[in-house]
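I opened the model to take notes on its core, its charges and its loops. My entries follow in the order I looked things up.

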Amino acid sequence: MRRTAPDGVQCPRAVDGVHRIFTDTKQGVSGMSEANAAWEARWREGRTGFHQEEVNAHISAHWEATTGTTAGRVLVPLCGMSQDLVWLRDRGHHVVGFELSGLAISQFFSALGVQPVVQTHGPFTVHRSEGIELWEGDF
């Protein structure tokens, strides 16, 4: 069943509840919550010490034992420009990442040397290339 979110966007019932939580937060001048604006500022200013240059060691060590070898869709929330995305794609998975920062997504595809196809899907911008789609926006 699809419902209409407060901003008029049609969305599944489960997403509607999450959407209300985020749209009810305190909004800054740009319409972005203070927390989201702070996150965007970290990317703009290069304050991304949390970003790992290598694939997460736990994923590479335990992925096959915990998920098997069958390829499928893999959700990576708060993906930034994680190398895990490429590692998963290279193993045949279709990777779907969620990220607030458009800059992080741009840097990710730039580092790959790939120009993604970009489309709008409701309130989100979706960046797609072979085996990877990154959803930009406030989830």
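I started at valine 76. Leaving aside neighbours within four places in sequence, I find valine 76 in contact with Leu85, Leu88, Val95, Val96, Gly97 and Phe98. I note here that the model is predicted.

Next I asked which residues have the most contacts inside the largest nonpolar core. They are Val76, Leu85, Leu88, Phe108, Ile132 and Leu134, in a core of 17 residues. I then traced where this core comes from. Strand 3 (73-76), helix 4, helix 5 (102-112) and strand 7 (132-136) each supply at least two of its residues. In soluble globular proteins, nonpolar side chains tend to be buried together.

**Whole chain**

I stepped back to the fold. I count five helices and seven strands in the protein chain. Along the sequence the pattern reads β-β-α-α-α-β-α-β-α-β-β-β. The chain has 139 residues, and 34% of them count as buried. Of the contacts with a separation of 6 or more, 43% join residues 24 or more positions apart.

**Aspartate 84**

I looked up aspartate 84 in helix 4, which spans residues 84-90. How far away is the nearest side chain of opposite charge? It belongs to arginine 91, at 9.6 Å. A salt bridge needs nitrogen and oxygen within 4 Å. Aspartate 84 is buried and has no salt bridge. I listed what aspartate 84 does touch beyond four places in sequence: Glu54, Val55, Asn56 and Ile59.

**Salt bridges**

How many salt bridges are there by this rule? I get two.

One joins aspartate 90 and arginine 89, with the closest N and O atoms 2.9 Å apart. Arginine 89 counts as partly exposed because its relative accessibility is 24%.

The other pairs the side chains of arginine 128 and glutamate 133, at 3.7 Å from N to O. I checked the exposure of both partners. Arginine 128 has a relative accessible area of 30%, so I log arginine 128 as partly exposed. Glutamate 133 has 7%, so glutamate 133 goes down as buried.

**Proline 116**

I moved to the loop between helix 5 and strand 5 (117-121), where proline 116 is found. Is proline 116 buried or exposed? Proline 116 counts as buried, because its relative accessibility is 13% and the cut-off for buried is under 20%. Not counting residues up to four places away, proline 116 touches Phe109, His127 and Arg128. Arg128 is also the partner of glutamate 133 in a salt bridge. I took one backbone distance as well.

**Leucine 78**

My last stop was the loop between strand 3 and helix 4, the place of leucine 78. What is its phi? Leucine 78 has a positive phi of about 55°, although it is not a glycine. Most residues other than glycine have a negative phi. I then looked at exposure. Leucine 78 is exposed because its relative accessible area is 76%, and the cut-off for exposed is over 50%.

Notes. Residues are numbered from 1 along each chain as its sequence is written. This is a predicted model: local features need pLDDT of at least 70, side-chain atom pairs count only at pLDDT 80 or more; totals for chains, interfaces and linings use all residues. Side-chain values use heavy atoms; hydrogens and water are left out. Helices (H or I, at least four residues) and strands (E, at least two) are DSSP runs, numbered from the N terminus. Buried means under 20% relative accessible area, exposed over 50%, partly exposed in between (1.4 Å probe, protein chains only). Lys and Arg count as positive and Asp and Glu as negative; His and the chain ends are not counted. Contact means heavy atoms within 4.5 Å. A nonpolar core is a set of buried Ala, Val, Leu, Ile, Met, Phe, Trp, Tyr and Cys residues joined through side-chain atoms within 4.5 Å.
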